[in-house]
Amino acid sequence: MTINDVVMAGIRHSCFPNCAYSFSNELVFIDEVAPGDKITVDFSTLFTGHAVLFRCNCGCNGCRINILGFDQLPVYFQEKYLRLGMVPRETLKSIDIQINTTKYTSSVR
Ligand SMILES: [Zn+2]
């Protein structure tokens, strides 16, 4: 899945989204959505890595501006999204690889 795939589906990013992709990659509501509201997802839950995916201007109080991968989110957001099951399986698989790499790097020092 790429950002373009998600955007082409009519979904926009928000730092405080009303929807999320679940572990099984289903789009689920996490907040009330009224007719005409935009469907928003925190795109950081869909990707990993420290490259800036894009600069956000969602206008939310607490907007993170530079949108990075899930593994680069503040721990508070990672734990919140994991607790709510708002992280797709594919994202978690990528993180496992990076966590293993980090452990390996740490043990070498
Ligand atoms: Zn934002």
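**The nonpolar core and its surroundings**

The chain has an average pLDDT of 83, and 85% of its residues score at least 70; pLDDT is the predictor's confidence in each residue, on a scale from 0 to 100. This is a predicted model, in which local features need pLDDT of at least 70 and side-chain atom pairs count only at pLDDT 80 or more, while totals for chains, interfaces and linings use all residues. Residues are numbered from 1 along each chain as its sequence is written.

Confidence is highest in strand β4 (residues 40–41), at 94, and lowest in helix α3 (residues 89–108), at a mean of 61. Over residues 103–109 pLDDT stays under 50, and the model has 0 contacts beyond four places in sequence for them. A contact here requires the C-beta atoms of two residues, placed from the backbone, to lie within 7 Å. Where pLDDT is low, the predicted coordinates should not be read in detail.

The chain contains 3 helices and 6 strands, arranged along the sequence as α-β-β-β-β-β-β-α-α. These elements are DSSP runs numbered from the N terminus: helices are H or I with at least four residues, and strands are E with at least two. Of the contacts with a separation of 6 or more, 58% join residues 24 or more positions apart.

Of the 109 residues in the chain, 22% are buried. A residue is buried if 20 or more other C-beta atoms lie within 10 Å of its own, exposed if 12 or fewer, and partly exposed in between, with C-beta atoms placed from the backbone.

The largest nonpolar core has 13 residues, and Ala20, Val41 and Phe43 touch the most other members. Its largest share, 3 residues, is supplied by strand β2 (residues 19–21). Such a core is a set of buried Ala, Val, Leu, Ile, Met, Phe, Trp, Tyr and Cys residues joined through C-beta atoms within 7 Å. In soluble globular proteins, nonpolar side chains tend to be buried together. Beyond its neighbours within four places in sequence, Ala20 is in contact with Val28, Ile30, Val41, Thr45 and Met86.

Asn25 occupies the loop between β2 and β3 (27–29) and, although not a glycine, has a positive phi of about 70°. Asn25 is classed as exposed because 12 other C-beta atoms lie within 10 Å. Ile65, in the loop between β5 (54–55) and β6 (66–67), likewise has a positive phi, of about 65°, without being a glycine. Ile65 counts as exposed because it has 11 C-beta neighbours inside 10 Å. Most residues other than glycine have a negative phi.

Phe54 belongs to strand β5; it has 12 C-beta neighbours inside 10 Å and therefore counts as exposed. The C-alpha atoms of Phe54 and Ile67 are 5.6 Å apart, although 13 residues separate them along the chain. His50 is placed in the loop between β4 and β5, and its 9 other C-beta atoms within 10 Å make His50 exposed. From His50 to Ile67 the C-alpha distance is 9.1 Å, at 17 residues apart in sequence. Leaving aside neighbours within four places, His50 is in contact with Leu68, Gly69 and Gln72.
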